[in-house]
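Please open the model in a viewer and keep the selection panel at hand. The stops below are meant to be followed in order.

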Amino acid sequence: MALRQIRIMGDAILEKVCRPVKEMTPRTKTLIDDMLETMYDANGVGLAAPQVGILKRIVVIDIGEGPVILINPVILETSGEQTGQEGCLSLPGQAGIVTRPNYVKVRAQNTDMEEIEVEGTELLARAICHECDHLEGNMYVNLVEGDLFDVTAEGEEDD
Ligand code: NI
């Protein structure tokens with residue numbers, strides 16, 4: 001495994017739509033391992049492949065309950081709403097207030113390319129929405145209510 005460089009907002013790759021993953025290859029497995037390592041190293045709770053420069057529909061999330069790996073995720077259902085602070089590893093040191101669904105059900109494939117469904121509420125729902133947006137080239141800053149604000153890098157969790 002290896003750390004990958006996290007792309008910072010302004011990098012054109014963060015605005016592109018990602019391509020579906022058709023099959024699991026050793027190269028893609030390595031990418032996923034590297035994404036997890038990179039996310040943990042940066043103290044993030046989520047990371048999408050375009051954030052490490054790869055335009056594939058892969059996200060990794062860990063809100064402290066173990067890794068969730070979603071390949072080709074599709075949000076099937078949402079309900080409720082939550083308004084809270086959100087950040088992104090591609091915009092270090094900053095955060096903003098974003099309203100998201102409080103419940104999300106997503107269909108995806110796992111690393112064996114088997115179909116899975118994952119449900120999440122609260123932070124997990126927020127992270128799923130945030131990371132799926134990255135696959136469409138969308139950054140959370142477009143959804144921020146009010147202004148972005150500075151957060152200390154230490155002790156803050158970024159999506
Ligand atoms: Ni992000």
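Against which strands do the buried residues of α1 pack? Bear in mind throughout that the model is predicted. Select α1 together with β1 (46-48), β2 (58-61) and β3 (68-79): these are the strands against which the buried residues of the helix pack.

**Helix α1**

Now display the side chains of Thr 28, Leu 31, Ile 32, Asp 34, Met 35, Leu 36, Thr 38 and Met 39, which are buried. Moving just past the end of α1, select Asn 43, whose phi is positive at about 55 degrees.

Select β1 and β2 next; the two strands run antiparallel and are joined by three bridges. Gly 46 can be found opposite Ile 61 of β2.

Stay on β2 and show its side chains. In a regular strand, side chains alternate between the two faces of the sheet. Which residues of β2 are buried on one side, and which on the other? Ile 58 and Val 60 lie on one side, Val 59 and Ile 61 lie on the other, and all are buried, so that both faces of β2 are covered.

Four bridges pair β2 with β3 in the antiparallel sense, and Val 60 has Ile 69 in β3 as its bridge partner. Six residues separate the strands of this hairpin, and Gly 64 adopts a positive phi there, near 105 degrees.

**From β3 to β6**

Follow β3 to its pairing with strand β6 (residues 103-109), which is antiparallel and comprises six bridges. To locate one of these positions, select Ser 79, whose bridge partner in β6 is Tyr 103.

**Gln 82 in β4**

Select Gln 82, a residue of strand β4 (residues 82-87). Is Gln 82 buried or exposed? Because its relative accessibility is 14%, Gln 82 counts as buried, the cut-off being under 20%. Its side chain reaches the backbone oxygen of Glu 122 at 2.8 Å. Beyond its neighbours within four places in sequence, Gln 82 is in contact with several residues, among them Val 98, Thr 99, Arg 100, Leu 123 and Arg 126.

**The nickel site**

Centre the view on the nickel ion. Which residues coordinate the nickel ion? The donors are Cys 88 (SG), His 130 (NE2) and His 134 (NE2), at 2.0 to 2.3 Å. Along the chain, these donors follow the spacing C-x41-H-x3-H. Colour helix α2 (residues 122-135) to see the placement of the two histidines: because His 130 and His 134 are four residues apart in this helix, they are separated by about one helical turn. His 130 and His 134 are both buried.

For the last stop, display the cysteine sulfur atoms. How many disulfides does the structure hold? The count is zero. Cys 129 is in no disulfide, and the nearest cysteine sulfur to its own, that of Cys 132, is 7.1 Å away. Cys 132 is likewise in no disulfide, with the sulfur of Cys 129 as its nearest cysteine sulfur. Cys 129 has a relative accessible area of 7% and is therefore buried, and Cys 132, at 10% relative accessibility, also counts as buried.

Technical notes: Residues are numbered from 1 along each chain as its sequence is written. This is a predicted model: local features need pLDDT of at least 70, side-chain atom pairs count only at pLDDT 80 or more; totals for chains, interfaces and linings use all residues. Side-chain values use heavy atoms; hydrogens and water are left out. Donors are N, O and S atoms within 2.8 Å of the metal (3.2 Å for Na, K and Ca); water is not among the atoms, so sites may look incomplete. Buried means under 20% relative accessible area, exposed over 50%, partly exposed in between (1.4 Å probe, protein chains only). A disulfide is a pair of cysteine sulfur atoms within 2.5 Å. Contact means heavy atoms within 4.5 Å. Two strands pair if DSSP finds at least two bridges between them. A polar contact is a pair of N or O atoms within 3.5 Å; within protein, one must be able to donate a hydrogen and the other to accept it, and residues adjacent in sequence count only if both atoms are side-chain atoms.
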